[in-house]
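Hi,

Here is the structure I promised to hand over. Have a look at it first, and my notes on what turned up follow below.

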Amino acid sequence: MLTAVLLLLAAEVGGGGAEMAVEPDPKAMSRAEIRTHNAGLDKSHRYFIRCVRSVAVGSLIARVYSCRTNQQWTAADRIGNQNARDTVEAMQGKAINSN
């Protein structure tokens, strides 16, 4: 039984080729390191790093880059959507008719 579990864990960690055991930290990586990391991954892979460029507040020239893995983007979307749902539900109970 223990041998079967160890074999299963070894297959998950080392058997995927481009599969990594530890999620990378895009905030600690340079743009060149991100490009190198992404070179061996498919764009739909959970550890593929996507960077989104946005305009810095108060500047016409400066740009801010936010880099996260696909898994982190999905989690952020899920949390943002849940927060929006919670806010709407909280506000629906507080609507007061002021006629």
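Let me start with a cysteine: C67 is buried, at a relative accessible area of 12%. By that I mean under 20% relative accessible area, with exposed being over 50% and partly exposed in between (1.4 Å probe, protein chains only). Before going further, a word on what you are looking at: this is a predicted model, where local features need pLDDT of at least 70, side-chain atom pairs count only at pLDDT 80 or more, and totals for chains, interfaces and linings use all residues. Residues are numbered from 1 along each chain as its sequence is written, and side-chain values use heavy atoms, with hydrogens and water left out.

Back to C67, which forms a disulfide with C51, the two sulfur atoms sitting 2.0 Å apart. The pair links distant parts of the chain, 16 residues apart, with C51 in strand β1 and C67 in strand β2. At 110° about the S-S bond, the link of C51 and C67 is right-handed. Its other end, C51, is partly exposed, at a relative accessible area of 32%. A search of the whole structure finds 1 disulfide (a pair of cysteine sulfur atoms within 2.5 Å).

As for the overall layout, the protein chain has 3 helices and 2 strands, and they follow the pattern α-α-β-β-α along the sequence. These are DSSP runs numbered from the N terminus: helices are H or I with at least four residues, strands are E with at least two. Of the 99 residues in the protein chain, 15% are buried. The accessible surface comes to about 7900 Å², and 58% of that belongs to carbon and sulfur atoms; areas come from the Shrake-Rupley method with a 1.4 Å probe, and for residues only the protein chains shown count as cover. Among contacts (heavy atoms within 4.5 Å) with a separation of 6 or more, 33% are between residues 24 or more positions apart.

How far to trust it? Confidence is lowest in helix α1 (residues 2-14), with a mean of 39, and highest in α2, at 95. Over residues 1-18 pLDDT stays under 50, and the model has 8 contacts beyond four places in sequence for them. Where pLDDT is low, the predicted coordinates should not be read in detail.

Now to helix α2 (residues 31-39), where I34, H37 and N38 are buried. They sit on the same side of α2 because they cover an arc of only 95° around the axis; the arc is that of the directions from the helix axis to the C-beta atoms. The buried residues of α2 pack against both β1 (49-55) and β2 (63-69). On the face turned away from that buried side you will find the exposed residues R35, T36 and A39.

N38 deserves a click of its own. This α2 residue counts as buried, at 12% relative accessibility. Leaving aside neighbours within four places in sequence, N38 is in contact with Y47, F48 and I49.

Which residues does Y65 contact, leaving aside its neighbours within four places in sequence? They are R31, V52 and R53. Y65 and V52 are 13 residues apart in sequence, and their C-alpha atoms are 5.6 Å apart in space.

Finally, R85 is found in helix α3 (residues 70-92). R85 is partly exposed, with a relative accessible area of 44%. The side chains of R85 and Q82 are joined by a polar contact of 3.2 Å. That term covers a pair of N or O atoms within 3.5 Å; within protein, one must be able to donate a hydrogen and the other to accept it, and residues adjacent in sequence count only if both atoms are side-chain atoms.

Over to you!

Technical notes. pLDDT = per-residue confidence, 0-100.
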